[in-house]
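Morning, everyone. Please look at the screen while I bring up the model.

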Amino acid sequence: MASPILLSGILALFFTAALTSDPSPLQDFCVADTDSQVLLNGFGCKDPKMVNANDFSSSGLHITGNTSNPAGSRVTPMTATQIPGLNSLGISLVRIDYAPWGINPPHTHPRATEILTVLEGSLEVGLITSNPQNHLITKVLQKGDVFVFPIGLIHYQRNVGNGNAFAIAALSSQNPGVITIANSVFGSKPHIPSDILVKAFQVDNNVVNYIQSNF
């Protein structure tokens with residue numbers, strides 16, 4: 001007979017695994033009712049009798065995103081907001097376009113693992129492991145290459161070619177969330193007190209104020 005400690009360990013592993021992705025659906029589908037006033041962890045369900053094919057489809061991923069911005073990239077999402085039929089299914093998709101030497105800045109997805117496929121161009125990708133190692137794992141990807149970014153880890157992409165590049169990424173949540181590191185740290189509203197950032201980044205207060213002014 002298994003000991004109570006062993007059983008507790010098995011149960012802990014089971015519940016940890018169960019919490020690492022979106023909850024499983026309890027019906028065929030739960031097409032998002034974006035007009036519902038019911039507050040849920042996700043969207044309320046549309047009446048199944050009112051569901052049609054358009055709830056499970058979208059278009060536009062063939063269109064190149066506008067990369068005329070400081071980062072030189074554009075993310076086009078396909079989440080439950082764009083495809084109501086994704087609601088409760090625990091998956092989403094994005095197209096990412098990159099101008100020459102454009103970047104998708106360091107960021108995390110708090111609710112999803114990401115698997116990215118390069119469809120055009122060459123991308124340098126990187127992820128950083130958690131404390132205390134903070135190890136940078138990086139690779140240059142070519143057309144057709146695939147890379148995985150584990151849930152919650154900081155990662156980025158950079159176009160290292162002289163032409164435009166684009167990729168498609170799948171994420172293991174209908175709402176993966178995005179925390180862009182620079183925007184969050186220096187562009188929060190209200191600002192994080194500058195003396196905290198001075199100590200955290202070990203820079204002069206004028207440097208912190210200058211960076212915050214750009215966000």
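I'll go through a histidine, a disulfide, some salt bridges and a valine.

First, the ground rules. This is a predicted model, where local features need pLDDT of at least 70, side-chain atom pairs count only at pLDDT 80 or more, and totals for chains, interfaces and linings use all residues. Residues are numbered from 1 along each chain as its sequence is written, and side-chain values use heavy atoms, with hydrogens and water left out.

Start with H155. It sits in strand β8, residues 154–159. Strands here are DSSP runs of E, at least two residues, and helices are runs of H or I, at least four, numbered from the N terminus. Is H155 buried or exposed? Its relative accessible area is 1%, so H155 is buried. Buried means under 20%, exposed over 50%, and partly exposed in between, with a 1.4 Å probe and protein chains only.

What does the H155 side chain reach? The side chain of E114, in a polar contact at 3.0 Å. It also reaches the backbone oxygen of L153 at 2.9 Å. A polar contact is a pair of N or O atoms within 3.5 Å; within protein, one must be able to donate a hydrogen and the other to accept it, and residues adjacent in sequence count only if both atoms are side-chain atoms.

Next, the disulfide. The structure holds one. It joins C30 and C45, with sulfur atoms 1.9 Å apart; the cut-off is a pair of cysteine sulfur atoms within 2.5 Å. Both cysteines lie in the loop between α1 (4–18) and β1 (73–78), 15 residues apart. The S-S torsion is about -105°, so the disulfide is left-handed. C30 is buried at 6%, while C45 is partly exposed at 40%.

Now charges. Side chains of opposite charge can pair when their charged atoms come close. There are five salt bridges, each a side-chain nitrogen of Lys or Arg within 4 Å of a carboxyl oxygen of Asp or Glu. One of them pairs R95 with D97 at 2.8 Å. R95 is buried at 4%, and D97 is buried at 3%.

Back to strand β8 for another. R158 meets E124 at 2.5 Å, N to O. R158 is in β8 and E124 in β5 (residues 123–128), so the pair ties together parts 34 residues apart in sequence.

Last, V146, in strand β7 (residues 146–149). V146 is partly exposed, at 46%. Its C-alpha atom is 9.6 Å from that of A167, 21 residues apart along the chain.
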